[in-house]
Each structure stands twice: as structure tokens, then as C-alpha cells.
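Trainee: Hi! Could you walk me through this one before I set anything up?

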Amino acid sequence: MHRSDRLMGKKRPNGTSAAGVTAAVADQPQMADGATPMTTSQASADAIPAATGPAGATAAEPETHRGFRFVDRRALLRLAGTAAAIAPATSLLAACSGSKGSSGVRPVRIGVVTPQSGSLSAFASTDLFVTDYMTTWFKDHGGIAVGNSTHPVEIFIRDSQSTFARAAKAATQLIYEDKVDIVLVDATSDTVNPVADQCEVAGVPCISTMAPWESWYFSRGGTIDLKNPFNWTFHFFAGLNDYYQAYSSMWGDRVATNRTVGALWPNSVDGQWFSHPKLPFRAGLDNNWKLVNPKQLDGKGSQQDYLYTPGTKDFKPLISAFQAGNVQIVTGILDETDFAQFERDAGSKSFEPKIITVSKAAMFDSDLRTIGAQVSNNLTTELFWSESSPNRSFVTNLPSKDLGQKYRAETGRQTSPQQLGASMALFDVAAQALSAINSIDDRKSIASALKSLTARTILGEVKFGAREGLPQNVATIPLNGAQWRWHQDSYTFELVQVNSSGNNALQNQGQLGPITYDA
């Protein structure tokens, strides 16, 4: 496995190809000089969409070298016959190829962009565990079967440092310096969008997750008619309708409220789409709840009324509007720094909503410890994976429970965060896409395989373009509702599923309770 210079603590000369890629994208900022990334354009949310991304950009034909297929489990059973009943399918990857080794063949190169440093690092806390696990797994199992040969696998990792600019630079380094065959990326729109933009321009397949699909699609130039403008980039995660259903199902269950909602939406990629009146989350609030406009209590006004400036040091004016509107439910998609400031200001003004449901800031226990244990107790958020999931990894055949146990045993963590499932699912999807092609160097065939792929992953089924109302290059996963419980005796947080409206294959572990405040 190859980690970026920043991760390894070393310096090396920058490649000269990155700036050339940037020039291919209209209105893109110049590539930063340094050991990491560039930037993707942010769409205005006044209309759907503001197409400033690389949609429609064409890439040069890729080079052709040697290729491979990742043999799927059914193929293994067919090829191995009765032997498969005795030996685990994963151990047959190399055996079924008929090759005695990987000598003389080039390795399969997988690139990963991950925010290992900076404000988004909590979203990537499992990435290095998964890449280490995959590196060892491929080595122990002889690599990947490719026709009559077995190819070793190399995984290249680049740190985005939690910025748009450096995420894009990381992608160009993977493409032009590390010569990767496919790029995998997760951890919010600030990471996946700039990486996807660079891959789209360069003509390199890219699979991404852990960002609302509307933020990935519309911000990059996708159109409201959902006629897909992307040829190389694919994304799987929940959409705004999934978020609305998961959140609103919790709010209508167990805790009595006046159905009045206040929103913490930053003026960011995600904030713009969550607050857009023509998209499902905001439309659901407008149609079924009372959404308080923090600037005009009559509920009228522009979308900008609902957006605050990220990094603000004073939420008191917004909180005053919430109090004047008698808000009892607060929702939002904001980072832990902003949310911690909001909590401090809410405490100073004695603002005590019954339910607080936020994405990003309340997704991981590491962030909750930064915010504070007591104020984080009974916060609610979305849930897309846990150890109780009935799914298993396609690549390793490891069930969710065993993956979580392995993570905790090797890292010393008391819990297995839900992004562990997303990190693993990226490799599951990539492996099955590669199993459908004849040559790893035929990049167009990888993209074509992804467009028609139904992948089995540790998150469940991923099928791009399968649902009406989705772009061809998008697949969704279900969301449930969950609530954090602080255990004072063990000083640990537990994320408890309290609503299964998105995926009833996961059993609820408790009931929603209101936030409690000290007298």
C-alpha cells in the first residue's frame, strides 16, 4: 500500500501534469502548487442546477496495457465445481485463474482519496483500517485473477486534508503520478465532488459515497431532467428524500411536539441543496411541518434567509428567531465546530428544543466528545450501517458483525462507526465492476460495467440508475433514524436505532426520547 507524502511524513517533487488537467475544466480555479489537491465548482442553489462542473467534458482515450477480471462468487462455484463446497470461495480467486503466480504481470492499481487530516477526518477514521485490511487480504489470497494470470494489487492513498483544492490535487496525483486504474473516495461533498470532477475530465473511473447524491450530482452540473452528463463517475448514497423520511419518521414517533422546525443549514454545497425549496428535504418540511424562516417569521422570503455563514461565532440571532417561532425541533447538516458553537449559544439563551437531528456533526462519537458528552446525549442522526446489518462484504465474505469486531480488536476502539460499512462497500462495488470486464486498461468497459451493475455490498444492494427519479450514475442506500446515548458509567456513546422506516431489515434497539436539560 502506498500512502501520500503527507501521510508518510516525506516530501517528493510534484508532478507537472496536474495543472494541465485543471485547464480542461471551464471556470475551475488553478491547481495549487504543493503536495496535494485542487477544487470543484460550487453550484448556486437559486436554480436547479447551476451547471459549472465538468459535465460533458470528454477525456482522451486511455492507454491500453494488460487487463483482468475479478472472478465473482458464482463464477468461482462454476469453475471450481464441488471443491467450492469445501474451500471458502475467497481462497479460490487465484486458484481459478489457472496461473502459478503473478510474475511478469503489472499490478492492479486502486487509488483512494481520504481526509486523514483536517476538519473532516472523523469521516475517514476507518479508511486506513480498510485499506490496510484490503492490502493484506489481496496479498494473502494471491491477488486478483485476470484471465489466465494472477495480478497483485496495489492501493495508493492520498490525503485531501479536508479541502476542495487539495482533494482535487490528490486525485490528479493518483491519476498522473500513481497511474491508478480506478479511484475510490468518500467523506462528504467537500471530498467526493472535486475528486469526481478530476476523474471525469481525465477519463478515469471513480466510485464515491458518503454524500447526499443531489450534492454530488447537481453541484457538478447535473440537470433537473436527470439526463446523465457523466461518463466516468459513479456515486452511491442516500438522497434528500431518504434523509427527509428518516428524520421526519423519528420526529413523528414517541415525542410530542408542535411540529415546528428550525434549520441549521450552512451556505455550503450540502446546505444549499438541503434548503432548496424544489428538492425533497425542504419541500417535505414546507408541506408537512412548520419551518421557521430565521429572518422572516411569516415563512416567506428567499432561500438565502435560511443559510448561515459557515464558521460563524454567533448563532444568537438565529436562536432568537427560533425562540420567537416556538421551535421545538432543530435539524441541520453542519460540522462539529459550528454545532458546538450553536450549543453554547443555545445554552446561554436557554433555548431547549425537544429534538435535535443533525447530519455530519452528530454522526460519529469522536465528534460528540468534542461537542461535549452531556449536551450530545439524545441527539439524533441518520444511520446507514451497523454491526447488526444482515449484509456481508462481497470481497471478503465477512459479515457486518465480524467486520465490526475485527475493527474494534485491531484499533482498540470501543465502537465500530458506521462509516466502516461505507469504506468497505467501495471495494465491494469496485471488485464487482472489475469482474465484468476483460481488460483493466479498457477504462470505458469499467464505466459501462458500472452503469449496469447490481453489486452486493456490506451496505446492501447497490444498483446504479435502478430507481425512477435517479440519474444513471447514482444508486441509493436506505437510511434509518438513530439516537445517541451517553453512558456515564463507562464514558462511552452508543448509537441506538430508534426508527426503521428506511430499512426494516434492521431491528430497532430502543425508542426515541426527548433531549433532557439540567434544571
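Predicted model: local features only at pLDDT ≥ 70, side-chain atom pairs only at ≥ 80, totals over all residues.

Mentor: Let's begin with helix H5, residues 127-140: its 14 residues reach 20 Å from the first C-alpha to the last, close to the 20 Å expected at 1.5 Å a residue.

Trainee: Is H5 mostly covered or mostly open?
Mentor: Mostly covered, with 10 of its 14 residues buried. Among them are Leu128, Phe129, Tyr133, Met134, Trp137 and Phe138.

Trainee: Which phi does Gln161 have?
Mentor: Gln161 has a phi near 55 degrees, a positive value in a residue other than glycine. Gln161 sits in the loop that runs between strand S5 (153-159) and helix H6 (164-176).

Trainee: OK, what about phi at Asn397?
Mentor: Phi of Asn397 is near 65 degrees, again positive and again not a glycine. Asn397 lies in the loop between strand S14 (380-383) and helix H16 (400-411). At 33% relative accessibility, Asn397 counts as partly exposed.

Trainee: Switching topic: how many residues are in the largest nonpolar core?
Mentor: That core has 115 residues, and those with the most contacts inside it are Met134, Phe236, Trp265 and Phe384. Met134 is also one of the buried residues of H5.

Trainee: Which helix gives the most to this core?
Mentor: Helix H17, residues 419-434, with 11 residues.

Trainee: Where does the core lie relative to the domains?
Mentor: Between domain 1 (108-238 + 389-475) and domain 2 (242-383 + 479-499), because both give residues to the core.

Trainee: What does Phe384 touch?
Mentor: Leaving aside residues up to four places away in sequence, the contacts of Phe384 include Met210, Phe237, Met363, Ala422, Leu459 and Ile477. Gln418 and Gln419 are also among the residues Phe384 touches.

Trainee: And the second core, what's in there?
Mentor: The second core is separate and has 26 residues, including Tyr308, Ile356, Val358 and Trp484.

Trainee: Last one, zooming out: how many helices and strands does the chain have?
Mentor: The chain has 18 helices and 19 strands. Of its 519 residues, 59% are buried. Taking contacts between residues at least 6 apart in sequence, 74% join residues at least 24 apart. The accessible surface is about 19,900 Å², and carbon and sulfur atoms hold 47% of that surface.

Technical notes. Residues numbered from 1 in each chain as written. Heavy atoms only, no water. Helix = DSSP H or I, 4+ residues; strand = E, 2+ residues; numbered from the N terminus. Buried < 20%, exposed > 50% of the residue type's maximum accessible area, 1.4 Å probe, protein only. Contact = heavy atoms within 4.5 Å. Areas by Shrake-Rupley, 256 points an atom, 1.4 Å probe, with all protein chains shown as cover. Expected span 1.5 Å × (residues − 1). Core = buried A, V, L, I, M, F, W, Y, C linked by side-chain atoms within 4.5 Å. Domains from an automatic or database assignment.
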